[in-house]
Amino acid sequence: MMNIFEFLKGDDSNVVVKTLKGKYGKRKPISITVGNISDGYVYDTNGNKNEIVVFLRKDKKDRYQ
């Protein structure tokens, strides 16, 4: 199984990880790719540069009961 660091180092920079919409309904969805995550930013449809932040959280045992 490939870990996240091997995946980010590979040549899969165009793989879409998630598609997000802005807080307001008028904005078009933004596709976030592996390359965007490794760069640390993505540009929205207006050309604004947005920082990508990844949060890791500890698994809660009671979450899956």
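Reply: Start with burial. A residue counts as buried when its relative accessible area is under 20%. Keep in mind that this is a predicted model.

Me: Is Asn-36 buried or exposed, and why?

Reply: Asn-36 has a relative accessible area of 16%, so it is buried. Asn-36 sits in helix H2, residues 34-39.

Me: What share of the protein chain is buried?

Reply: Buried residues make up 12% of the 65 residues. As for the surface, the protein chain exposes about 6200 Å². Carbon and sulfur atoms supply 52% of that area.

Me: Which residues does Asn-36 contact, beyond its neighbours within four places in sequence?

Reply: Contact means heavy atoms within 4.5 Å. With those neighbours set aside, Asn-36 is in contact with Ser-31, Tyr-41, Val-42 and Ile-52.

Me: Which side chain makes a polar contact with the side chain of Asn-36?

Reply: Here the pair to look for is N or O atoms within 3.5 Å. The side chain of Thr-33 makes this polar contact with the Asn-36 side chain, at 2.9 Å.

Me: Where does Thr-33 lie? Is Thr-33 buried or exposed?

Reply: Thr-33 belongs to strand E2, residues 30-33. Its relative accessible area is 14%, so Thr-33 is buried. Leaving out neighbours within four places in sequence, Thr-33 contacts Ser-13, Asn-14, Val-15, Val-16 and Val-17.

Me: Take Val-17 from that list. Where does Val-17 lie, and in which strand?

Reply: Val-17 is in strand E1, residues 16-20. Residues up to four places away aside, Val-17 touches Ile-32, Thr-33, Val-34 and Ile-37. Val-17 and Val-34 are 17 residues apart along the chain, and their C-alpha atoms are separated by 6.4 Å.

Me: How many helices and strands does the protein chain have?

Reply: There are 2 helices and 4 strands. Along the sequence they follow the pattern α-β-β-α-β-β.

Me: What share of the contacts with a separation of 6 or more comes from residues 24 or more positions apart?

Reply: Such pairs account for 5% of those contacts in the protein chain.

Me: Now confidence. Where is it lowest, and where is it highest?

Reply: The score to read is pLDDT, the predictor's confidence in each residue, from 0 to 100. Confidence is lowest in helix H1, residues 4-9, at a mean of 65. Strand E3, residues 41-43, has the highest, at 91. The protein chain averages 78, and 71% of the residues score at least 70.

Technical notes: Residues are numbered from 1 along each chain as its sequence is written. This is a predicted model: local features need pLDDT of at least 70, side-chain atom pairs count only at pLDDT 80 or more; totals for chains, interfaces and linings use all residues. Side-chain values use heavy atoms; hydrogens and water are left out. Buried means under 20% relative accessible area, exposed over 50%, partly exposed in between (1.4 Å probe, protein chains only). Accessible areas come from the Shrake-Rupley method with a 1.4 Å probe; for residues, only the protein chains shown count as cover. A polar contact is a pair of N or O atoms within 3.5 Å; within protein, one must be able to donate a hydrogen and the other to accept it, and residues adjacent in sequence count only if both atoms are side-chain atoms.
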